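Hi there,

Here is the structure I promised to pass on to you. Please open it first, and then read my notes below alongside it.

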Amino acid sequence: MSRPGFTLDVDERTQPLLVAQGTRLRLERFGLGTHVVYPGDGRPVGDPTPLVAAALASPLGTAPLAAQLHAGMALTIVIGDLGSPRPRMGSDVRRHLVEQVLVLAAAAGVDDVAVLCANGLAKRPSDAELTDVVGERVVRSFASTGGLLSTDATDPAYVDLGVIDGHEIRLHPRIAASDLAVNIVVTSSWSTSAGRQLVALTDVATLDWALGLETSSDRVSAVIGLVEASVATFTLDAALGEPVLPDAVSFLGRREWEWRVRDQVAFATARQALAVAPKQAIARLFSDLAAGYPVLGVAGGARDQVHASMSTVWTNAVAVQGPPASDVGVVNVWRKGSLHADPASDPLGAAHHAVAEQPSLVEGGQLVRPGGVLVGFHPLSNRFSSRTNSVGADFFAEVLPASTDPTEIRATFQDRFSTDPWYGELYRGRHGHHPLLTFHRWYATARAAATYADVVWVGADRRSAELMGFRAASTYADALEIASGHVGRTPSITVLHGGGGSVVRVP
Amino acid sequence: MRTLASWARGGGRPGSRLTLPTDVRALARGWGVGKRRVPLGAPAQSDARPTHVDIEAPHARLPRFDIDVVGLELLAGQARPVIVVANHASGVDPTLLGQVLPTQWLVRTSGATLALRSGRSVLLFPEGEPTTDGTLGEFSPRAAALSLRHGVPIVPVTIRGSYGMDALPPRTSSGALPRVLVRFGAPIEPTGDNPDVLIEIVRDSVQALLTEDAGNWYASLRGVAEPVPVTGWRAVWAAQEPVERPGSRERRRIWGRD
């Protein structure tokens, strides 16, 4: 039985604690009384095969998958959100999920099978990325026959599904022509779900309507309902626990007072190596980093029942009892925080992760009280992947100097960017993100940032912080000095240790 | 356009490029003798702390081979020792497999009984000698008998691309190394009490992996894959067919369809 997470109240005995700042690491001494929320320990990684078999044979709310498969049918297996979780899974559980579905399909004599990656507005995956997720067997089986697909939300071949509030909803043609879609997801956060994956099968206009500036749960639910009304679906969902990191970097997930000599050596060595290594080598190091993820449970069947079941399993496994809403929240960014694997690049991604995603992993209340201050650790260097995120670079250079206001940005820039032929070419054929993804993420960041009196970044590029409407401080103490103007000189402080990923239960 | 604050420049610079001396001092201050104090309220340290062993070894590169490994994910969570059973394509197979098998298995190729008793895994080639005609030979039931006696699973493995090599290929400066593909199958648990029956199951599994390797996995599941030639010169020819890169969309073919 692994230890659950807990909240440490910093006292005189507490050592300096590990803080990740993009690709940099540092030890930071936090003030007395600071609440530090630690995630639970990782669990042993077992063989998920029996769990998957049981979920397929005894689904929730539907007949077993084998009974829904028959010769002559068109079967589509939908995967998505290939960028989650981070660090990537050393052995991706989606391989087991997809392969067991295909074993049943082969036994039933299904010949018309396609594996479809529902990437929505995110970049279309390369064969190598697909191989990492679903395995060589699946890729080789379907790549040469044209059965390995990824969605292109700008494709005019999308078919009309219906109208919601006067808006036309259009669906990927392969899904529309399928007799059954098996929707495969992993639950490792609240941002990924089987429903969201169905929305990612719609066209770019629908995605903007459902997830853009005026996004609402009603719109998302309406799109999901329309998709489910048009095609039979079977959801297969695996909930993942806290990652277990490789030995060389296991100190990142270890509580500081339990550091052995080898952890101290690993920390000092990693810091020295990160200080002198070229940026490309560091980016490679982080993109290659793989962790083991224990499978907490697998459920199959009707989407709503499966989602409820796996969300509960996941939340109960990773939840940590936290303090009441604080005046100041402190987050650091390393596990995620960019649209690709390099956490040092992409200040927009870092801001989205720190401001919109991490503090939202809270149950029962808020991490920081309205009007409080959020402190983030990240260099916010003006670096973007020119291959996958040139839109981000242009957004940073052209849009943010004009305005940070989502409504103004929507009115002035969004249409021009989303119809730009070069960005379209990058998305369709060169594994780049669709421009709208950058816009949608900024809207979410700006919405979340508006709930704080200030967002202060420690050790950040001052111009980057200013461009995004945030503030930069040289040290953590300076950040608290800036915050004191809003929260006084004795604020309550909550630190999320380890780069987020836990659900904080706030009383 | 917004007017940015005049001081909004700089910062975000990398710190010192020499961090080691500072860190050693900081660690000595915080973690030195008598200073590792557990904070009040912190849960006790767990003895059974899992560590992640990355079993992936894709596209490992030996000095004289261009080698790809697929199917290791099927062994996720396999904590027990196993008996690795492989086809014997050439004399270099033990060297090849020794490089790509998960290091934590501590595989032995001799002293099988002793190795399994001490928790080590074993690598066996039940055909005995490397194949001379490219086909899969008869399997000795020894691996199955060991599996039944010790209650450990058998992991089927196939090697393609090394056929006919009696010794390691010479070093080359052109970068064109012989391509070899090692494919792992799902572990087979010991069932029943007859080694002859179990070894046939294992042999069928190795043959299925060879068929899957020459064609594709789903076609072999559906039973519509082209069979690997098992007799005559066509078998020898097929055994020498160049191995493709895993996940490749292209299919290079020596044999055209009729």
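**Domains of chain A**

Chain A is divided into domain 1 (6-33 + 322-505) and domain 2 (49-240), with bounds that come from an automatic or database domain assignment. Before going on, please note that this is a predicted model, in which local features need pLDDT of at least 70, side-chain atom pairs count only at pLDDT 80 or more, and totals for chains, interfaces and linings use all residues. Residues are numbered from 1 along each chain as its sequence is written, while chains are lettered from A and ligands numbered from 1 in the order in which they are written.

The C-alpha centres of the two domains of chain A lie 30 Å apart. Where they meet, 18 residues of domain 1 are in contact with 18 residues of domain 2; "in contact" means that the C-beta atoms, placed from the backbone, lie within 7 Å. On the domain 1 side, the elements that give two or more residues are α15 (406-418), α16 (421-429) and α17 (435-449) of chain A. The largest share, 4 residues, comes from α17(A). Helices (H or I, at least four residues) and strands (E, at least two) are DSSP runs, numbered from the N terminus.

**Cores**

The largest nonpolar core has 158 residues, and those with the most contacts inside it are A:I77, A:V98, A:V101 and A:V115. Such a core is a set of buried Ala, Val, Leu, Ile, Met, Phe, Trp, Tyr and Cys residues joined through C-beta atoms within 7 Å.

Which residues does A:V98 touch, leaving aside its neighbours within four places in sequence? They are A:I77, A:I79, A:V115, A:V134, A:V138 and A:I184. A second, separate core of 45 residues includes B:A89, B:L101, B:V180 and B:V182.

**Strands in chain A**

In a regular strand the side chains alternate between the two faces of the sheet. Strand β21 (residues 493-496) of chain A is covered on both faces: A:I493 and A:V495 are buried on one side, and A:T494 and A:L496 on the other. Strand β4 (residues 35-38) runs parallel to β21(A), joined by 3 bridges, and A:V36 stands opposite A:V495. Strand β16 (residues 326-332) also pairs with β21(A) in the parallel sense over 3 bridges, with A:V328 opposite A:I493. Two strands count as paired if DSSP finds at least two bridges between them.

Elsewhere, an open sheet of 3 strands has the order β15-β22-β17 (chain A), with parallel pairing. Because β15 (319-321) and β17 (362-363) of chain A each have a single partner strand, they stand at the edges, with one side left without a neighbour in the sheet.

**Chain B and confidence**

55 residues of chain B are in contact with 71 residues of chain A. On the chain B side, α1(B) gives the largest share, 7 residues. The predictor gives the complex an ipTM of 0.75 and a pTM of 0.86.

Chain B averages a pLDDT of 76, on the predictor's scale of confidence in each residue from 0 to 100. Over residues 52-61 of chain B the pLDDT is below 50. Where pLDDT is low, the predicted coordinates should not be read in detail.

Enjoy exploring!

Key: Contact = placed C-beta atoms within 7 Å. Buried ≥ 20, exposed ≤ 12 C-beta atoms within 10 Å, placed from the backbone.
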